[in-house]
Every structure is written in structure tokens, then in C-alpha cells.
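Please look at the sequence and the model below before reading on. The report that follows goes through the packing of the helices and then turns to a few individual residues.

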Amino acid sequence: MLDEGIKAKAIELAESIRGLGEYQEFLENEKLLREDEVAQELLAEFQQKQQDFVTKQLSGEYDQDLLSELTELQSKLNARESVVRFIESYNRLLAVIGEVVDLISEKIELDIGEVYRR
């Protein structure tokens, strides 16, 4: 069971993170991405084709045409401003959270972020 004092500090840290500009920017860009119907259609198609590709690979089949379709869809997604902005804001938020994890690791002398850097 988590100590109540530690739990309270973790909640306080989470609330502080929610107040960061990086977090707010991430939420705004996530909303814009969800509202971008073209990007949503491309994402759904990409995910389905990606799943099909993995399934075929697991059964020992390599589908070059499907891989080409995935590459083309990836290019289309990368051309959508909503996708680019979302990814950039997500990465900025992760960098901040990574700094927090690194600071905690340093203070407790245990690299708790090591698993995420593999």
C-alpha cells in the first residue's frame, strides 16, 4: 500500500504537470488532431493496414505492396499539420516528464527511467 504522504505528493506533482504549458499545448494539439477528420481517417486506415502487415509477418508472409501502402499513408500523415503538431507537443511533454523521472532517480539513487530508454 502506498504511503499517504507519498501519494499526496504524487498527486501534487501530477497537478503541477497538468499546469505546465507543455501539457496544455499537448491537450490543445490532441483536440485539434481529434477534430481533423482527414487525419482520423488516415490514422484508422494506417492502423488497420499495420495490423494486417504484422499478422502476415507472424504467419511468415512478407507483403511488399502492403508495406508500400503503409509508407504512403505514413507520408500522408506526416504532411498533416495536426499530426505534426501533436507529435511535437507530445515529445515536448515526454521530455519534461523524463526530466522529472531523472531527477527522482538521481535523488533516490536508482535509475527508474532506464526501462524507458531501452
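Are H2 and H5 roughly parallel or roughly antiparallel to each other? The model is a predicted one, and in this model the axes of H2 and H5 come within 8 Å and cross at roughly 155°. An angle over 145 degrees counts as roughly antiparallel, and H2 and H5 are therefore roughly antiparallel to each other. The crossing in which H2 passes H5 is left-handed. On the side of H2, the contact is made by Glu-22, Tyr-23, Glu-25, Phe-26, Asn-29, Glu-30, Leu-32 and Leu-33, while H5 contributes Ser-82, Val-83, Arg-85, Phe-86, Ser-89, Tyr-90, Arg-92, Leu-93 and Val-96. Sorted by class, the residues in the contact of H2 with H5 are 9 nonpolar, 3 polar and 5 charged.

**Two further helix pairs**

Two packed helices are described by the angle between their axes and the distance between the axes.

| Helix pair | Angle between axes | Distance between axes |
|---|---|---|
| H2 and H3 | about 80° | 5 Å |
| H3 and H4 | roughly 155° | within 10 Å |
| H2 and H5 | roughly 155° | within 8 Å |

Helix H2 covers residues 21-35 and helix H3 covers residues 37-58, and the two pack at an angle of about 80°. Angles of 65 to 115 degrees count as roughly perpendicular, and H2 and H3 are therefore roughly perpendicular to each other. Their contact brings Leu-33, Arg-34 and Glu-35 of H2 together with Glu-37, Ala-39, Gln-40 and Leu-43 of H3. The residues of this contact between H2 and H3 divide into 3 nonpolar, 1 polar and 3 charged.

Helix H4, which covers residues 64-78, packs with H3, and the axes of the two cross at roughly 155°. That angle makes H3 roughly antiparallel to H4, and H3 passes H4 in a left-handed crossing. The residues of H3 that meet H4 include Leu-42, Phe-46, Lys-49 and Phe-53, and among the residues of H4 that take part are Leu-66, Leu-70, Leu-73 and Leu-77. By class, the contact of H3 with H4 has 10 nonpolar, 2 polar and 6 charged residues.

Which residues does Ser-89 contact, leaving aside its neighbours within four places in sequence? They are Glu-25, Phe-26 and Asn-29. Ser-89 itself lies in helix H5, which covers residues 81-108, and it counts as buried because its relative accessibility is 0%. The side chains of Ser-89 and Asn-29 are joined by a polar contact of 3.4 Å.

Asn-29, for its part, is found in helix H2, and with a relative accessibility of 3% it also counts as buried. Residues up to four places away in sequence not being counted, Asn-29 touches Arg-85, Phe-86 and Ser-89. Another polar contact, of 3.3 Å, joins the side chain of Asn-29 to the side chain of Arg-85. The C-alpha atoms of Asn-29 and Val-84 are separated by 9.3 Å, although these residues are 55 residues apart along the chain.

**Leu-67 and Gln-64, in H4**

Leu-67 has its place in helix H4 and counts as partly exposed, at 26% relative accessibility. Apart from its neighbours within four places in sequence, Leu-67 is in contact with Phe-53 and Tyr-62. From C-alpha to C-alpha, Leu-67 and Gln-50 are 8.4 Å apart in space, and they are 17 residues apart in sequence.

Gln-64 is likewise found in helix H4, and its relative accessible area of 41% makes it partly exposed. The side chain of Gln-64 makes a polar contact of 3.0 Å with the side chain of Tyr-62. Gln-64 and Phe-53 are 11 residues apart in sequence, and their C-alpha atoms are 9.4 Å apart in space.

**Glu-109, after H5**

Where is Glu-109 found? Glu-109 is found in the segment after H5, and it is exposed, with a relative accessible area of 74%. Most residues other than glycine have a negative phi. The phi of Glu-109, however, is near 55°, which is a positive value in a residue other than glycine.

Conventions. Residues numbered from 1 in each chain as written. Predicted model: local features only at pLDDT ≥ 70, side-chain atom pairs only at ≥ 80, totals over all residues. Heavy atoms only, no water. Helix = DSSP H or I, 4+ residues; strand = E, 2+ residues; numbered from the N terminus. Buried < 20%, exposed > 50% of the residue type's maximum accessible area, 1.4 Å probe, protein only. Polar contact = N/O pair within 3.5 Å; in protein donor to acceptor, adjacent residues only side chain to side chain. Contact = heavy atoms within 4.5 Å. Axes fitted to C-alpha atoms, helices over the stretch in contact; angles between N-to-C directions. Parallel < 35°, antiparallel > 145°, perpendicular 65-115°, else oblique. Nonpolar A, V, L, I, M, F, W, Y, C, P; charged D, E, K, R; others polar. Left-handed = near helix turned anticlockwise from the far one by under 90°.
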